[in-house]
Every structure is written in structure tokens, then in C-alpha cells.
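Let's take a friendly walk through this fold, one question at a time. Keep the viewer open as you read.

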Amino acid sequence: NVKVATLSDIHSFKEYQQIYNDIAKKIEEEDDFDVDGSAGPNLVRLAWHSAGTYDKNDKNPHTNGGSYGGTMRFSKEGGDGANNGLAKGREFLEPLLKKYTWLSHGDLWTLAGVAAIQEMGGPKIKWRPGRKDLSEEYQAPNGKLPDAAQGPDYVRKFFNRLDFTDREMVALIGAHTLGRCHVTSSGYDGPWDFAPTMFDNGFFTQLQKGVGKGEGQWHLRKWDGPEQYEDNNSNSLMMLPADMALVQDPKFKKIVDEFAASQEAFFNEFAPAFQKLLENGIQFPKESKEFVFRTLDEQSS
Ligand code: HEM
């Protein structure tokens, strides 16, 4: 198996915490990265798309994806339409690879996703190092990342391919509390909630209201772009068809209601699901340690 993680004691927790801190400080300093300021949402999406190519039914390491090989740095995977906009995040992180010459792309991108979530107020996510850069031959085929125009059956099937349960997939999509859609990247437009640089359960409290004519509900946006929903109150928030899938399917809806009612419940399920996402397809040695990083705030107090 080529996707075996190297042991974490080659470099110490302290060294990885230092990388975490460098990323966190860079996010703070470069506050003109995007419309909402922070590079954080882009970095979370970079981590997820580096891992989201995984196919649990494919035993061929050349095609079965996952975060291990950092293969989005190559033009085929990097050029997949679903990865539009992520070159910016990869470039943002480039200086870290110059400073820590031993660090792999896969470790850097996944660690950056963890750092971004924690710094934006999200849950602590256990993280393990040991990914190694693989060659071009290990790029997952294009088309392995999800299509936002689809409904509940597609979403369930897609995340089953990544080995996730209903509860895990709903929790993961809750990351849409962060950031926004960019017409120039995906064709879609706008943020999901009013605080796109805060990791909270805002995606679920917005989504929960569903399609309809009432206060806070959602209608189809009238525009030339792809089909997306717009909120009745402000006409400034958005939902993708694949987001709306989570209130159309009764099993998904029940979970959406739970996470809308309790941010704690959402955090408790998001954290292990995100760790699993970043580790899919990688074999970690039994002795490999899980790191839990301290936020900049925690270190300063
Ligand atoms: C952004 C689709 C699941 C995290 C986006 C965008 C689309 C999209 C179309 C807009 C990209 C742009 O225009 O810049 C989907 C679909 C999903 C899914 C169809 C599954 C059915 C996830 C998951 C995560 C995630 C599982 C993380 C755990 C994000 C973040 C952004 C984003 C943080 C904002 C990026 C930014 O502001 O630059 N997603 N996504 N998404 N997605 Fe997802």
C-alpha cells in the first residue's frame, strides 16, 4: 500500500503547532484575501477538495484519491472545474513549503483546513501527519467532487462513496456556514449565512426554514445563473440545490433540525467526520499520535 502515513515522531507536536501558528497568523494578517476578508473558508474548501476525491470502492492507488498525495498541485486535478478558485489558497500556503521544506502538500493543506476551522471558532479537530507527495500518476480522475445541482439521492450516494453515514454527511455540509460562492469559480453566487468567517451552526438555522413563502424561507432566485435559492428576508443569502436536499429528505431533515437546535451537537459530530474525511484512504501506523492544536487565542491567554 503506497498510502501509508509516516510516523509522527519524526517531527514533534511543537513543530506542527508552529506551522499551525504560521498559518493562523497569515490568515489574520492577509485580511483582504476575499470579499469577506479571511482566507479561512478557501483553506477549508482546499482541505476538503484535496480529500474529497476518495473512492472507497476503488482499490487502485493511482485513481482512488484522498488527501495523501497532494496531487491537486498538478494541472489535471488542479484544473478540474470543481477546484476553480483553490489555486489562490494553494498559493497562499506556498511560503510555508519554502520554510518547512520537509512538509508535504497533503499535510499542509489538511493542517491548514484544521487551523482555519479552529481559528474561526469551530471545534477542535484531531489531526495526524505523515502524508507524502505522490507523482502525477496518482491524480484522481476529474469529476470526483460533488455536483451542486443535484438532490438528496445524489448527495447520499456521493458521500457513501466517501464512506460517510447520513449524520456525517449532514454535519460535513454544515461547513457551508463558512465562505461564499463566487460566480467566477462555480457560477453560483453569495454566502450561506450572515457571518461567513465564523464557524457556527448558522447554515442549519438558515436552511431549516425550507422552501416557501413565509418569513425566513427560501425561493428560487430569478437570474441568468445556475438554479440556486435566495432567502425571503434579505435576498442576500443563498442555498445550493444540494444544500436544499438536506431539508427535502426526511431523514436528512431530522438531523438538520438537531444541528439547528444545538451547536454543540453539530460540533461534536462535525469534528470526527472532518478528521475522517482528511484521513480517508490513508493507513496510519498504530503508534501514530493524534495532535490537537491550540488556537492563537488559547496560547496568548
Ligand atoms: C463552497 C458545493 C460540501 C466546504 C462551495 C461552493 C460550491 C460548493 C458550489 C462555491 C465555490 C465557489 O464558487 O467559490 C458543495 C457541494 C457539496 C459541498 C455540492 C456536497 C454536496 C462541502 C463540504 C465542505 C465544504 C463537505 C467541508 C467540510 C465549503 C466551503 C466553501 C464551499 C468552506 C466556501 C469557500 C470560499 O468561501 O471560498 N461548495 N460543497 N463544502 N464549500 Fe462546499
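A residue counts as buried under 20% relative accessible area, as exposed over 50%, and as partly exposed in between. Please keep in mind that this is a predicted model.

Q: Is Asp36 buried, partly exposed or exposed?
A: The relative accessibility of Asp36 is 26%. Buried would need a value under 20% and exposed one over 50%. Asp36 therefore counts as partly exposed.

Q: How many salt bridges does the structure hold?
A: Side chains of opposite charge can pair when their charged atoms come close. A salt bridge here needs a side-chain nitrogen of Lys or Arg within 4 Å of a carboxyl oxygen of Asp or Glu. For the structure, the number of salt bridges is 16.

Q: Which residues are linked with Arg156 in a network of salt bridges?
A: Arg156 forms a salt bridge with Asp249, where the closest N and O atoms are 3.0 Å apart. This pair links distant parts of the chain, with Arg156 in helix α6 and Asp249 in the loop between α9 and α10, 93 residues apart. Both of these residues are buried. The network links Arg156 with Asp166 and Asp249.

Q: What covers the buried residues of α6?
A: In α6, the buried residues are Pro152, Val155, Arg156, Phe158, Phe159 and Arg161. Their cover includes α2 (40–51), α7, α9 (241–248) and α10 (250–261).

Q: Are α9 and α10 roughly parallel or roughly perpendicular to each other?
A: The two helices pack at an angle of about 90 degrees, with their axes 5 Å apart. Angles from 65 to 115 degrees count as roughly perpendicular. It follows that α9 and α10 are roughly perpendicular.

Q: How many nonpolar residues does the contact of α9 with α10 have?
A: From α9, Ala245, Leu246, Val247 and Gln248 meet Pro250, Phe252, Lys253 and Val256 of α10. By class, this contact has 1 charged and 1 polar residues, and the number of nonpolar ones is 6.

Q: Is Glu168 buried or exposed?
A: Glu168 and Lys276 meet through their side chains in a salt bridge of 3.2 Å, N to O. The pair links helix α7, which holds Glu168, with helix α11 (residues 263–279), which holds Lys276, across 108 residues. Lys276 is partly exposed at 25% relative accessibility. At 18%, Glu168 counts as buried.

Q: What is the phi of Asp163?
A: Asp163 lies in the loop between α6 (152–161) and α7 (166–173), and is partly exposed with a relative accessible area of 37%. Although Asp163 is not a glycine, its phi is positive, at about 75 degrees.

Q: Where is Asn235 placed?
A: Asn235 has a positive phi near 50 degrees, in a residue other than glycine. At 44% relative accessibility, Asn235 counts as partly exposed. Its place is in the loop between β4 (229–231) and β5 (238–239).

Methods:
Residues numbered from 1 in each chain as written. Predicted model: local features only at pLDDT ≥ 70, side-chain atom pairs only at ≥ 80, totals over all residues. Heavy atoms only, no water. Helix = DSSP H or I, 4+ residues; strand = E, 2+ residues; numbered from the N terminus. Buried < 20%, exposed > 50% of the residue type's maximum accessible area, 1.4 Å probe, protein only. Contact = heavy atoms within 4.5 Å. Axes fitted to C-alpha atoms, helices over the stretch in contact; angles between N-to-C directions. Parallel < 35°, antiparallel > 145°, perpendicular 65-115°, else oblique. Nonpolar A, V, L, I, M, F, W, Y, C, P; charged D, E, K, R; others polar.
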